[in-house]
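Please consult the sequence and structure shown below.

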Number of protein chains: 2
Amino acid sequence: MTSRQLAALIGVSQSAVSRAFTPGSSISPAMRERILASARELGYQPNAIASMLSTNRTNIIGIVLSDMRNPFYPGLIERLTQGLQRVGRQSLLFNVTPGANIEEQLQAIRQYNVDGVIVVAATILSEKALSWAIEGRRSVLVNRLSLDRNITTVCVDNAAGVSAIADHFHALGRRKVGYVAGMTKTLIGRERRMAFVTRLAELGMTLVGSAAAGEYSYAGGHRAAQELLAEGSRPDAIFFANDILALGGMDALRDVAGLCVPDDVAIAGFDDIAMSAWPHYELTTFAQPVSDIVERSVELICNAPLGDGDARQEILSGRLIVRRSTVGAGGGPVDGDPRQSVKVA
Amino acid sequence: MTSRQLAALIGVSQSAVSRAFTPGSSISPAMRERILASARELGYQPNAIASMLSTNRTNIIGIVLSDMRNPFYPGLIERLTQGLQRVGRQSLLFNVTPGANIEEQLQAIRQYNVDGVIVVAATILSEKALSWAIEGRRSVLVNRLSLDRNITTVCVDNAAGVSAIADHFHALGRRKVGYVAGMTKTLIGRERRMAFVTRLAELGMTLVGSAAAGEYSYAGGHRAAQELLAEGSRPDAIFFANDILALGGMDALRDVAGLCVPDDVAIAGFDDIAMSAWPHYELTTFAQPVSDIVERSVELICNAPLGDGDARQEILSGRLIVRRSTVGAGGGPVDGDPRQSVKVA
DNA sequence: GTCCGTGTTGAATACGGATGCAAATCCCGT
DNA sequence: ACGGGATTTGCATCCGTATTCAACACGGAC
């Protein structure tokens with residue numbers, strides 16, 4: 001059923017039908033109501049494809065992602081798509097895989113004329129491939145930095161987060177700290193590492209060892225934690241670049257190295273994924289403000305101006321979640337509630 | 001840049017440009033090569049929207065999902081979208097949330113003219129809302145059953161899976177079995193429960209207790225496991241309707257009830273999510289054949305005939321993964337490799 | 001009654017590519 | 001050189017909606 005057919009059936013023009021479905025268009029309330037009623041009755045719905053062709057707007061936002069196995073992302077994606085649906089947008093998923101030709105995978109972004117692109121692929125994508133793909137359309141990089149100041153980014157305050165962890169270790173009296181990185185090549189990986197090391201120095205603590213997992217995964221953390229110990233360093237606290245690494249690392253430290261957490265070694269992560277709260281882990285971590293991230297991303301992808309030079313870098317504040325992986329049971333500021341949270345500007 | 005502009009620039013007709021990009025169309029290799037070369041040079045790409053309008057095909061598959069928090073789904077979605085991309089389709093995500101009006105949320109499926117719909121929302125969606133949404137287009141229900149024999153489904157062999165678990169418990173000498181359901185209202189929930197109970201009876205074992213979590217989540221499993229014990233029953237083996245329930249349940253049994261797994265109680269789940277292999281859990285489970293599910297779903301959503309009465313119900317075979325949550329360390333058929341796997345037809 | 005402004009309506013056309021059909025070209029045999 | 005079939009090309013039209021523009025209706029002011 002097309003708008004023309006419906007129009008013919010009820011004796012109005014096709015324009016009228018189109019206007020009935022277009023908010024703010026020039027049509028009398030009576031006419032609109034009559035048309036909408038008939039449409040409901042006869043099962044007419046505007047064809048979105050034709051509408052896209054006319055208006056050059058698709059109401060589709062491309063979501064580029066690469067790392068669905070890090071449990072932080074599914075939750076983020078879910079809330080992003082819901083946030084977009086809430087404002088009448090749909091989400092077209094682009095799953096970028098490392099092996100194949102990235103540009104070819106992103107070609108569809110351009111062909112499908114998506115209105116905007118939200119990139120949550122922290123890894124993999126080169127800046128070059130990225131800027132080619134999003135050329136000429138709105139874009140938001142989530143949890144990823146860019147050297148290009150013309151690109152809008154939404155990101156937790158990494159420096160504040162890792163500093164909060166360092167401060168927390170310091171407050172606990174730990175002085176010999178280890179660091180486990182994920183991917184050392186990404187900007188965000190470097191930023192976290194750099195900020196952490198800087199803060200350690202300010203506090204007069206030593207970085208007694210570090211390792212790189214190479215990927216953000218449980219297995220990577222498991223491996224890297226052992227490497228860290230094999231170096232000979234015996235840290236009394238280890239900060240993992242994110243939670244999934246920390247969980248793998250914690251299991252390695254306990255099961256393989258036979259250490260006690262947090263007595264022998266305190267452990268902290270970053271992100272606050274669901275599993276970090278599980279009783280076996282109770283991981284102290286720096287929580288990403290997922291709601292804020294989603295809200296700002298949706299807002300920016302829909303309403304940001306498209307001109308040059310007005311890109312924004314939004315830094316959102318997270319929150320330190322203290323759990324037993326650093327303070328143990330009963331030992332420390334934890335009383336009834338096993339979890340304490342500190343907002344960090 | 002449009003096909004007409006490109007055509008004008010290189011002195012051919014718009015039709016020629018269109019044909020150059022349409023495989024199998026009537027055009028000489030020389031002409032095609034010339035056009036494609038110029039297109040590459042001048043940066044022309046066909047506008048997919050216009051193409052959709054002409055051909056009435058979008059190459060977009062809608063993916064309806066509701067339960068991104070069960071870790072089984074992110075992996076499935078990821079592989080589904082990749083599988084679809086591999087055959088030139090894109091994935092439009094529809095995240096159905098329980099609260100709001102379902103039909104309204106699914107309206108976009110119809111307006112966007114997706115070529116097909118893959119439903120991986122085991123929960124929530126009523127049959128009625130579903131059949132309205134997918135009316136007239138190809139659809140595949142993944143991991144979800146339907147009473148309507150005209151709907152194509154792709155599903156692991158639930159009966160074989162739960163029977164394998166029951167048999168495994170039996171072989172271990174366990175006789176007092178508990179069952180923790182997820183959502184009891186879903187068809188798949190009922191099927192698993194029924195098949196499990198039936199098999200127990202055949203083996204002469206007793207179902208000493210059962211509980212329903214109400215949702216497929218860690219917290220639900222944690223709660224339901226305690227309810228099961230509070231009933232007064234003391235099972236020596238518990239089967240959880242899926243892995244995430246089992247993980248929550250296992251932690252509850254250990255931490256809250258102080259039981260030893262598997263000595264006091266053996267535990268098994270269903271799905272084989274990544275975390276089930278983690279050393280703290282080592283959960284015996286029935287693994288879903290994710291690759292097969294993806295492969296069959298992609299195949300069916302692309303090539304299945306659209307007529308009536310030729311819907312298929314594909315039942316794929318899974319695999320029992322035996323880990324320490326049932327056989328313990330060293331005690332049982334597990335030797336060097338902590339994991340043993342048994343294919344189940 | 002006339003005039004003008006405001007608010008509605010319909011006819012016509014644009015959006016960019018696909019395709020049926022007719023015209024043009026090619027290739028080959030004679 | 002010519003005819004005939006096969007292949008290639010271009011023209012015209014269509015897909016379904018949005019939007020411009022002109023036409024029209026209505027109401028109030030003079």
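Copies are superposed by least squares on the C-alpha atoms of residues with pLDDT of at least 70 in both. The model is predicted: local features need pLDDT of at least 70, side-chain atom pairs count only at pLDDT 80 or more, and totals for chains, interfaces and linings use all residues. Residues are numbered from 1 along each chain as its sequence is written, and side-chain values use heavy atoms, without hydrogens and water.

**Symmetry**
- Chain A is superposed on chain B by a rotation of 180 degrees with 0.0 Å of shift along its axis, at an RMSD of 0.1 Å.
- That is the relation of a two-fold axis.
- Within chain A, the C-alpha of Leu92(A) comes closest to the rotation axis, at 2.2 Å.

**Nonpolar cores**
- A nonpolar core is a set of buried Ala, Val, Leu, Ile, Met, Phe, Trp, Tyr and Cys residues joined through side-chain atoms within 4.5 Å; buried means under 20% relative accessible area (1.4 Å probe, protein chains only).
- The largest core has 153 residues, and among the members that touch the most others are Val120(A) and Val120(B).
- A second, separate core of 46 residues includes Leu92(A) and Leu130(B).

**Strand β1(B)**
- In strand β1 (residues 60-65) of chain B, 6 of 6 residues are buried.
- β1(B) pairs with strand β2 (residues 90-95) of chain B in the parallel sense over 6 bridges (DSSP must find at least two).
- Gly62(B) stands opposite Leu92(B) in β2(B).
- β1(B) is also parallel to strand β3 (residues 116-119) of chain B, joined by 4 bridges.

Methods:
Chains are lettered from A and ligands numbered from 1 in the order in which they are written. Buried means under 20% relative accessible area, exposed over 50%, partly exposed in between (1.4 Å probe, protein chains only).
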